Amino acid sequence: MSIITDSPVIPQEYLPLCAGLAVQAGMDPFAALQAITINPAKHAGIADRVGSLEAGKDADIVITDGCPFEVSAKVKHVFIDGKAVCTE
């Protein structure tokens, strides 16, 4: 199962919030993380390139100070293509 937004009606920036709502409704948090990362990559047929952190894959990484599914979580670091683009 994948969790998606209907961007541009609901912007893709709200994807973690959508996953958080699924967790609040009883979904396992790790399953919710998979539903916005590796599962959509598998469904789109691009899991060999994206969707999980593995050597050789493309990755953008966001590190927060708490659960990324909670609106109170603050972004601490952002890495795009292995380069820090945002740090505290």
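Which residue of β3 stands opposite V78? V78 stands opposite C86 in β3. This pair belongs to a model that is predicted, in which local features need pLDDT of at least 70, side-chain atom pairs count only at pLDDT 80 or more, and totals for chains, interfaces and linings use all residues. Residues are numbered from 1 along each chain as its sequence is written, and side-chain values use heavy atoms, with hydrogens and water left out.

## Overall architecture

The chain contains 3 helices and 3 strands; helices (H or I, at least four residues) and strands (E, at least two) are DSSP runs, numbered from the N terminus. Read from the N terminus on, the elements follow the order α-α-α-β-β-β.

The chain has 88 residues and a radius of gyration of 13 Å, which agrees with the value near 12 Å that a compact globule would have. This radius is taken over C-alpha atoms, and the globule rule is 2.2 Å times the number of residues to the power 0.38. Taken along the principal axes, the C-alpha atoms fill a box of roughly 35 × 35 × 25 Å.

## Surface and contacts

The accessible surface of the chain comes to about 6200 Å², and 60% of this surface belongs to carbon and sulfur atoms. Accessible areas come from the Shrake-Rupley method with a 1.4 Å probe; for residues, only the protein chains shown count as cover. Of the 88 residues, 17% count as buried. Buried means under 20% relative accessible area, exposed over 50%, and partly exposed in between (1.4 Å probe, protein chains only).

Contact means heavy atoms within 4.5 Å. Among contacts between residues at least 6 apart in sequence, 23% join residues at least 24 apart.

## The antiparallel sheet

The strands form an open sheet of 3 strands in the order β1-β2-β3, with antiparallel pairing. Its edge strands are β1 (60-64) and β3 (83-87), each of which pairs on one side only. From one strand to the next, the twist averages 15°; axes are lines fitted to C-alpha atoms, for helices over the stretch in contact, and angles run from 0 to 180 degrees between N-to-C directions.

Two strands pair if DSSP finds at least two bridges between them. β1 and β2 are joined in the antiparallel sense over 5 bridges, and within this pairing I61 stands opposite F79 in β2. Strand β2 (residues 75-80) and β3 also pair in the antiparallel sense, over 4 bridges. On the β3 side, T87 is the bridge partner of H77, while K83 stands opposite I80.

## Backbone features

The hairpin of β2 and β3 has 2 residues between the strands. D81 lies in the loop between these strands and has a positive phi of about 50° although it is not a glycine. Because its relative accessibility is 58%, D81 counts as exposed.

The peptide bond from S7 to P8 is cis, with omega near 15°. Most residues other than glycine have a negative phi, and most peptide bonds are trans.

## Nonpolar core and its surroundings

The largest nonpolar core has 7 residues: I3, A19, A22, A32, A35, I36 and F69. Helices α1 and α2 (29-35) each supply at least two residues of this core. A nonpolar core is a set of buried Ala, Val, Leu, Ile, Met, Phe, Trp, Tyr and Cys residues joined through side-chain atoms within 4.5 Å. In soluble globular proteins, nonpolar side chains tend to be buried together.

Leaving aside residues up to four places away in sequence, I3 touches L15, C18, A19, A22, M27, A35 and I36. L15 is found in helix α1 and, with the same exclusion, touches I3, I4, T5 and I36. L15 and N39 are 24 residues apart in sequence, and their C-alpha atoms are 14 Å apart.

V23 is also found in helix α1; at 25% relative accessibility, V23 counts as partly exposed. Not counting residues up to four places away in sequence, V23 touches D28, P29, A32 and F69. V23 and F69 are 46 residues apart in sequence, with 8.3 Å between their C-alpha atoms.
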